[in-house]
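Please open the structure in your viewer and keep the sequence panel beside it.

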Amino acid sequence: MDSNQSMRLLSSWIGQIGDLGLNLLWRFIHIVVSLWYIVSGISEAIESYAISLGLNKKYSSIDLEKLRCLAVVVDIEAVQDVAKVVELLQWLTTIGVKQVGLFDSQGLLKKSKDLILETVPGSMLLEEIGKDFSPDGKRIALEFISSSDNKEAVMKAANILLQRYLKSSHPENDQGENFFTESHLNEALGVVGENVHVPDLLLVYGPIRSHLGFPAWRLRYTEIVHMGTLKYMRYGSLLKAIHKFTGVHQNYGT
């Protein structure tokens, strides 16, 4: 065996050992991450169970003054389970949430709104109440939202803003300052007869961390929390998410 063959054989052995080492390292990392997710899931389940039983006094009372409007996004695969949606709304009523927007991309919940309103005690349609309301007791106002909602109103409002800009601005003197503000948008939407309810907190029930098509123009200062799948929703996790939101100080930009 000459020196060239020896070098090739040694190089082959080193390559095989390196591949084996990388494979073992990958498997080890995979096991560690999997164990971390399992332990984390068990810990969250135990904590949620303890919160549900009232064992954690931290969540015994929640100041809902900051939570004027809450939105719930349901994945299209789970939206057929209306019973789960009803159970979720009953939990929110128990917690004391007064205004909830229900969203799915295809508007299937909107088609089931009569059933939901009949099943959830104290529920009523937000559109039948008006923009400013303060329901008493265990009453909850519901808004059913889909991807196609408000598109026509937004286009009309955009046209109003454009006409206002063309009439009042002078492009030759434009120094790049912001001409439109949030109040301008709300005013334009009001002109076309559209009352906008911007959620303070958005709870997403789905397999992925995404707002799943919820209208982005309604998410100006919204806190978004991924809650996992609707099938495995837990009352304790819901209570914890709302409690955490009400205790956070939000800084709004100018």
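**A guided tour, from sheet to helix**

Begin by selecting Val72, which stands opposite Leu102 in β2. The model is a predicted one, in which local features need pLDDT of at least 70 and side-chain atom pairs count only at pLDDT 80 or more, while totals for chains, interfaces and linings use all residues. Residues are numbered from 1 along each chain as its sequence is written, and side-chain values use heavy atoms, with hydrogens and water left out.

Next select residues 70-74 and 99-103, the strands β1 and β2, which pair in the parallel sense over four bridges; strands are DSSP runs of E of at least two residues, helices are runs of H or I of at least four, both numbered from the N terminus, and pairing requires at least two DSSP bridges between two strands.

Finally, select Thr246, which lies in helix α7. Is Thr246 buried or exposed? Thr246 counts as buried because its relative accessibility is 16%, where buried means under 20% relative accessible area, exposed over 50%, and partly exposed in between (1.4 Å probe, protein chains only). Leaving aside neighbours within four places in sequence, Thr246 is in contact (heavy atoms within 4.5 Å) with Ile62, Asp63, Leu64 and Lys66.
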